[in-house]
Amino acid sequence: MKFQIQRDRLVNGVNDVMKAVSSRTTIPILTGLKIVAHEEGVTLTGSDSDISIESFIPREEDGKEIVQIQQTGGIVLQAKFFESIVKKLPMDTVEIEVHSQLQTVIRSGKSEFNLNGLDVNEYPHLPQIEEDHVLKIPTNLLKTMIRQTVFAVSTSETRPILTGVNWNIQDGLLNCVATDSHRLAMRKAPISGGSGNESKAVIPGKSLNELNKILEDTSDELEIVITENQVLFRAKHVLFFSRLLEGNYPDTSRLVPAESKTSLTIGGKEFLQAIDRASLLAREERNNVVRLSISDDGRVEISSNTPEIGKVVEEVHSEATDGEELNISFSAKYMMDALKVFEGAETNIQFTGAMRPFVLRPTSDDTILQLITPVRTY
């Protein structure tokens, strides 16, 4: 194998696939990065057996030559060394050549590195996916949906299924739900290509976070293929495979209360800042609890009290309050996470009592919902 390549394109490709390479793996060759040169260009692959990422660098794009291939072939190189070397090479082009015994030479300008390679045939194959139903969604919409739900997945391995986001596709609508059993985030959006087929998948939160870092913020359509135990995301030059979580995701539709006793409409940005200030004195406690009081004359007050530090009380302006008076306590962090998703939009909050979960929605958008369980304080 021998080829020359633009260094910045190589660095971008390596950055993408490195997100799947783990130093802690039971299969030693997976600490390596697979490089294959073929007639169309160069393909880089990284995998930790849960996530696999393939990045393709074409020979030319928009009339510019990116890769010159003298000899096709493949090699697996130690990922972390290869990544460090490529980022620090002096010139704009890089030559990579494999000699006998898998000795690999990386040249750029007057700099030359020799790395010991591994046999490309020993690298595990990527999952083979039957593409019966290809779903399509604009990339920037998918990125937004991931950002608005993935933060609510559970970080505890006691219920592994909750460490993923539940995707439910029905009648051309994708519904994403994440919960850690203390809070819930939900977002719906139209998706094309499902052709009346129902599909369900629980995608690990870790996979979605890595996918979000790789995807470019464009309105180009991204293709998604879901099988029994794998999901494939296909962008312009990147394939992203993730295994799915096994098991049944709990039925979360029952958690969202149908009616409310108290309703509050408030400016999202001002409310977020007030909660943030109240949490300053709550931060020392493990669960940074903040209290919200709505009195029968419509006044809204946020307070926090930590006996050994001090207390804070702030009255906040609301657009409207309705229903019974209420005192409720909740995690400041959960409330701030939920409000950040709404990006400052005016927010409506529906309460069904001091000890029941409450629901937040932006007043202008019914495709998105956040639910938070209050905290008992005695």
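This is a predicted model: local features need pLDDT of at least 70, side-chain atom pairs count only at pLDDT 80 or more; totals for chains, interfaces and linings use all residues.
Student: Which residues does UniProt list for the N-terminal domain?

Tutor: The unreviewed UniProt entry lists residues 1–127 as "domain: DNA polymerase III beta sliding clamp N-terminal"; UniProt positions are given in the numbering used here, feature names are shortened, and annotations may be inferred rather than shown by experiment. In the model, that span is 17% helix and 47% strand, and its end C-alpha atoms lie 25 Å apart. Helices (H or I, at least four residues) and strands (E, at least two) are DSSP runs, numbered from the N terminus.

Student: OK, sheets next: what is the strand order in the sheet of eight strands?

Tutor: The order is 8-2-3-4-19-18-17-12, in an open sheet with antiparallel pairing, where two strands pair if DSSP finds at least two bridges between them. Strand 8 (73–78) and strand 12 (135–138) are the edge strands, each pairing on one side only. From one strand to the next, the twist averages 20°.

Student: How many bridges join strand 17 to strand 18?

Tutor: Four bridges join strand 17 (residues 221–226) to strand 18 (residues 230–234), and the two run antiparallel. As an example to find in the structure, E223 has R234 in strand 18 as its bridge partner.

Student: And which strands does helix 1 lie across?

Tutor: Helix 1 (residues 7–18) lies across strand 2 (32–38), strand 3 (41–47), strand 4 (51–58) and strand 19 (238–243), and runs at about 165° to strand 4. Axes here are lines fitted to C-alpha atoms, for helices over the stretch in contact, and angles run from 0 to 180 degrees between N-to-C directions. Helix 2 (residues 79–88) lies across strand 2 and strand 8, running at about 95° to strand 8.

Student: So how do helix 1 and helix 2 cross?

Tutor: Their axes come within 10 Å and cross at roughly 150°, and helix 1 and helix 2 are therefore roughly antiparallel to each other. Angles under 35 degrees count as roughly parallel, over 145 as roughly antiparallel, 65 to 115 as roughly perpendicular and the rest as oblique.

Student: Which residues make that contact?

Tutor: On helix 1 they are R7, L10, V11, V14, N15 and M18, and on helix 2 they are A79, K80, F82, E83, V86, K87 and K88, where contact means heavy atoms within 4.5 Å. They divide into seven nonpolar, one polar and five charged; Ala, Val, Leu, Ile, Met, Phe, Trp, Tyr, Cys and Pro count as nonpolar, Asp, Glu, Lys and Arg as charged, and the others, Gly among them, as polar.

Student: Switching topic, what is the order in the sheet of nine strands?

Tutor: That open sheet has the order 16-13-14-15-28-27-26-20-24, again with antiparallel pairing. Its edge strands are strand 16 (199–204) and strand 24 (320–323), each of which pairs on one side only. Within the sheet, strand 15 (residues 183–190) and strand 28 (residues 368–372) pair over five bridges, and L184 stands opposite L371 in strand 28. Helix 3 packs on the sheet by touching strand 13 (164–170), strand 14 (173–179), strand 15 and strand 28, and helix 6 also packs on the sheet, touching strand 15, strand 26 (347–351), strand 27 (358–362) and strand 28.

Student: At what angle do helix 3 and helix 4 pack?

Tutor: Helix 3 (residues 139–149) and helix 4 (residues 205–214) pack at about 140°, with their axes 10 Å apart, and they are therefore oblique to each other. In this contact, L142, K143, I146 and R147 of helix 3 meet L208, L211 and N212 of helix 4.

Student: Last one: what about helix 5 and helix 6?

Tutor: Helix 5 (residues 268–279) and helix 6 (residues 332–341) pack at an angle of about 160°, with axes 10 Å apart, and are therefore roughly antiparallel to each other. Their contact is made by F271, L272, I275, D276 and S279 of helix 5 and A332, M335, M336, L339 and K340 of helix 6.

Terms used: Residues are numbered from 1 along each chain as its sequence is written. Side-chain values use heavy atoms; hydrogens and water are left out.
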